[in-house]
2 protein chains.
Amino acid sequence: MPGPIRRRAEQARWHTASQVLAWLRENPGGTRAALARDLQLASGLATELTGRLRALSLLAETPAPPQGRGRPTTILGPHPQGPVVLAVDVRMADWRYAVAGLDGRPYDVTGARHATRDPAAVLGCVRRALEAARARYGDRLRAVAVAVAGTIHDGRLAQSATLGWRDVDLTVLTAGTTLPLLPGNDAILAGVAEARTGAAVGAGAALHLMVEVGIGGAFTVYGRPATGAHGAAGEYGHQPYGDRALLCPCGARGCWDLDVDGRALARHLGEPAPSDPRGYARQVLDRGDPAARRALETVAAALGAGIGALVNVHDPDTVTLGGLAAPLRAAAPGTFARAYDQGLMAFHRGQPPPVVDAAHGDDGALRGAAIVALDHVTSEAALAQWSARSGGRGARGSGAVVDA
Amino acid sequence: MPGPIRRRAEQARWHTASQVLAWLRENPGGTRAALARDLQLASGLATELTGRLRALSLLAETPAPPQGRGRPTTILGPHPQGPVVLAVDVRMADWRYAVAGLDGRPYDVTGARHATRDPAAVLGCVRRALEAARARYGDRLRAVAVAVAGTIHDGRLAQSATLGWRDVDLTVLTAGTTLPLLPGNDAILAGVAEARTGAAVGAGAALHLMVEVGIGGAFTVYGRPATGAHGAAGEYGHQPYGDRALLCPCGARGCWDLDVDGRALARHLGEPAPSDPRGYARQVLDRGDPAARRALETVAAALGAGIGALVNVHDPDTVTLGGLAAPLRAAAPGTFARAYDQGLMAFHRGQPPPVVDAAHGDDGALRGAAIVALDHVTSEAALAQWSARSGGRGARGSGAVVDA
DNA sequence: TCCAATATCCTCGTACTGCGAGGATAAGAG
DNA sequence: CTCTTATCCTCGCAGTACGAGGATATTGGA
């Protein structure tokens, strides 16, 4: 078995606790009895575990409303003094952030438009939000995840066509703190959100595609993204599925990017390249004239054909469409479906993976960031740290619920 | 944490044992002291574990030749009565099989040409080999892995251009037995072998590409292949990187397949489509005339460009070339390198993943099959089964080496 | 030849996690 | 008020892992 071999001693004891917290996020509002059933915990262990986690401020138990006969159970939830994470999404025109506790529900979602798109200025705003969260939550703040509309490479933002940034160091966000920083591509994080809590729940292997300016995406396996060696995987927009005559800003030729967004629509309509391809595309989608419809057909065909090709690569259970991809398909569903089918290898055509619209809309990346940060916080190593912080572990026994 | 939640009770106790056996395969001929160091086992635990595994016929310990001062340690190896697996590789013109023990070294490699390519006849031959192994090894035979030059989909062979098969049920190989059958695409398994024991050792994320008839490949993360939902991932040959005017037998247009193998060479040379594209390509590689060289340049460019595109998708640490891919690159290294570079997104060009020739040559798929089968056999669940078979688990203590 | 140094092995007491039986508890149903 | 049902808590037991301390086997040098 390859991969990093972990030091067992300090982590093994947190394995089950980590599973419990993971279950809590997958089953918000779940009861303790359901937990014991799902995880196949012996009744005694359920008592001990919940008691321990309660003592560590990781879990809160509130009496559940009785539902039929039998002794009533308790509802599990995040502890009011438990760890929280900060999730940030830096987008083209604005940025947003939210705090999330162990149940995964983001709260205090706040946002602002960029005053200027200068990297230092934008990151300064994010840093201030982080400092505010640190002031408010103190030691409870355990991780920061940042979704960016651009390519991440070894923790740096290698490039962003959307923001016009190149090689920006993101570690300044947490410099001087011990907070773990988890930067990620927005499309990848949106894919994570779809796979965990969105339209691809239940799919083991899921492909998410998101059109904004160009196209990004993510392939997830059981909700974990394939990020590659440096976190730069999923650059589907730079697959040469398109017209080789077209030169992409990325330096390659025939990039799919150029065939599926507002720039493609403008080209097909014989109009000048739009400065805001996303807004332009939304506007073309609202037009009803035949020329616009023809352009949309062409783009939907390019989208469908490329998705078929990516299904050949990844063999997903489900494909989800985010951003403009959903309305672009909706504008020409028949053309899309035909192109998709024709892009598939024959044996896929019997039962092609369903292509469904994303469930999280614009919130995908933010939610994905929260998920990734919480994954980090509920890892065995992080739980061991948290436990050390709050001074030793919960005592055995004495598991009586002292009520909320 | 997503993914199938496993029943802990019966498997937890085999976790460390599974790690030990995995270590054994990664460190053939390793000593017990090295094991304890690498896995950070307490000295007492190392004694108990090796003793237990020895009692279960999973491990053999032989006195190590003393190397310096200090009490000599023992060399760990597979037990002579330990479990074995059967690895099979079904190729275009022939098929081969081998037996492997827990150290992963295949032995008794045997092969034969196909008398006929009829699926039933070929599978009959494999089945007879399997029966022979069952007769010889009895209960010690614990898994069978079969590499096939074709697309696997939910355990069936969906299609094979190489063999000319369509929708062949492979479960007949083990029907009537309780042996687990692990079918796999040959390129994927060769990629596993490169990642674990070949040219991509040490690379976390590795991309393997193999040209024979068309092109197949695998993306592996820490030696585990991304197989997709049905095992059909990695069909890079059917990416529309090529000329849209060309119709592929798979039903799609512009498949990369058609640009990188013997069929492409024949097309560029104005010769009729070869019945044996692989042999034809080898022959063109041996010709020195300018026309052949031009054709090889074109194919090398198509190969390099496509690999660049796939690096954009997967972001691997290393790329390995198997089958004809290595000589095709060698025939026009400059052209290949340029096309590769131009296919990459700009930020990859600073430190592009190295493209290296595969280390296992023709043995890759067979070795990969052995690796996958041994992964299965050393899984926690399989070890629990093996232990039940040999009647209870090894006694505690009394760990003295009774010498080989 | 004998002794110190070294590296490893084995033994044993301790700690912690997890199991599962048995009884206690809190509701609804009649 | 009692029976049924579902859940919770207590408690003894089993298994894995830790780590200290001593035993053991070899080399190198006196």
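**Close-up views of a predicted two-chain model**

**View 1. Surroundings of Asp108(A).** Leaving aside neighbours within four places in sequence, Asp108(A) is in contact with Ala98(A) and Val99(A), two residues being in contact if their C-beta atoms, placed from the backbone, lie within 7 Å. The model is predicted: local features need pLDDT of at least 70 and side-chain atom pairs count only at pLDDT 80 or more, whereas totals for chains, interfaces and linings use all residues. Residues are numbered from 1 along each chain as its sequence is written, while chains are lettered from A and ligands numbered from 1 in the order in which they are written. Asp108(A) belongs to strand S5 (residues 106–113) of chain A; helices (H or I, at least four residues) and strands (E, at least two) are DSSP runs, numbered from the N terminus. Asp108(A) counts as exposed, with 12 C-beta neighbours inside 10 Å. Although not a glycine, Asp108(A) has a positive phi of about 55°.

**View 2. Helix H10 of chain A.** The 25 residues of H10(A) (residues 290–314) should span 36 Å, and the end C-alpha atoms are 36 Å apart, which agrees; the expected span is 1.5 Å times one less than the number of residues. Of these 25 residues, 19 are buried, and H10(A) is thus mostly covered. Just after H10(A), Asp315(A) takes a positive phi of about 55°.

**View 3. The loop holding Ser57(B).** Ser57(B) is placed in the loop between helix H4 (43–55) and strand S1 (59–63) of chain B. With 19 other C-beta atoms within 10 Å, Ser57(B) is partly exposed. Its phi is positive, at about 60°, although Ser57(B) is not a glycine. Most residues other than glycine have a negative phi.

**View 4. The side of chain B that touches chain A.** In this interface, 50 residues of chain B are in contact with 49 residues of chain A. H10(B) gives the most to the side of chain B that touches chain A, with five residues. Of the interface residues of chain B, 98% are also interface residues in chain A, so the copies meet through the same surface.

How values were computed. A residue is buried if 20 or more other C-beta atoms lie within 10 Å of its own, exposed if 12 or fewer, and partly exposed in between; C-beta atoms are placed from the backbone.
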